[in-house]
Amino acid sequence: MRPAGQPACAATCPAGTKPQHGEEAITILGISHAGTGLLTGLAAAEVTHLPATGAVTLSALTAGFATLNDLDSCGSCAARSLGFLSVGFAHIVRFISGGHRHATHSAVGVAVFTAVAWLACHYRG
């Protein structure tokens with residue numbers, strides 16, 4: 001259970017983990033990532049002339065996927081979305097990326113996420 005008044009996607013690092021610089025004093029909401037993803041989805045829907053249902057679907061998906069670059073932070077919504085599985089994966093991403101706002105928030109991170117998305121689309125069943 002979360003404390004009263006705390007948003008559903010707000011949390012600090014789980015007990016037993018050591019927060020990195022700046023993480024201990026803030027909660028991680030993902031609102032800025034989701035907002036930019038939503039606007040990007042709406043812009044892409046406008047450019048590609050999608051119908052309203054397609055625009056809503058694309059915007060919802062891009063808003064959700066825009067939070068994935070916070071998988072390097074142990075308290076993010078993306079890191080907590082699947083319980084211990086996603087928390088464990090977040091610790092691996094955090095270790096590989098060098099911590100929050102390092103590799104996953106860089107041009108290299110964008111390239112990696114884009115390549116994974118492209119591969120997923122290219123090789124889907």
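**Close-up views of a predicted model**

**View 1. Thr-104 is buried, at a relative accessible area of 9%.** Buried means under 20% relative accessible area, exposed over 50% and partly exposed in between, with a 1.4 Å probe and protein chains only. This is a predicted model, in which local features need pLDDT of at least 70 and side-chain atom pairs pLDDT 80 or more, while totals for chains, interfaces and linings use all residues. Residues are numbered from 1 along each chain as its sequence is written, and side-chain values use heavy atoms, without hydrogens and water. Thr-104 sits in the loop between helix H4 (84-97) and helix H5 (107-122); helices are DSSP runs of H or I, at least four residues long, numbered from the N terminus.

**View 2. Residues in contact with Thr-104 include Asp-72 and Phe-113.** Contact means heavy atoms within 4.5 Å. Not counting residues up to four places away in sequence, Thr-104 also touches Asn-69, Val-93, Ser-97 and Gly-109. The side chains of Thr-104 and Asp-72 are joined by a polar contact of 2.4 Å (a pair of N or O atoms within 3.5 Å; within protein, one must be able to donate a hydrogen and the other to accept it, and residues adjacent in sequence count only if both atoms are side-chain atoms).

**View 3. His-49 lies in the loop between H1 and helix H2 (52-65).** Although His-49 is not a glycine, its phi is positive, at about 60 degrees. His-49 counts as exposed because its relative accessibility is 67%.

Notes: Helix = DSSP H or I, 4+ residues; strand = E, 2+ residues; numbered from the N terminus.
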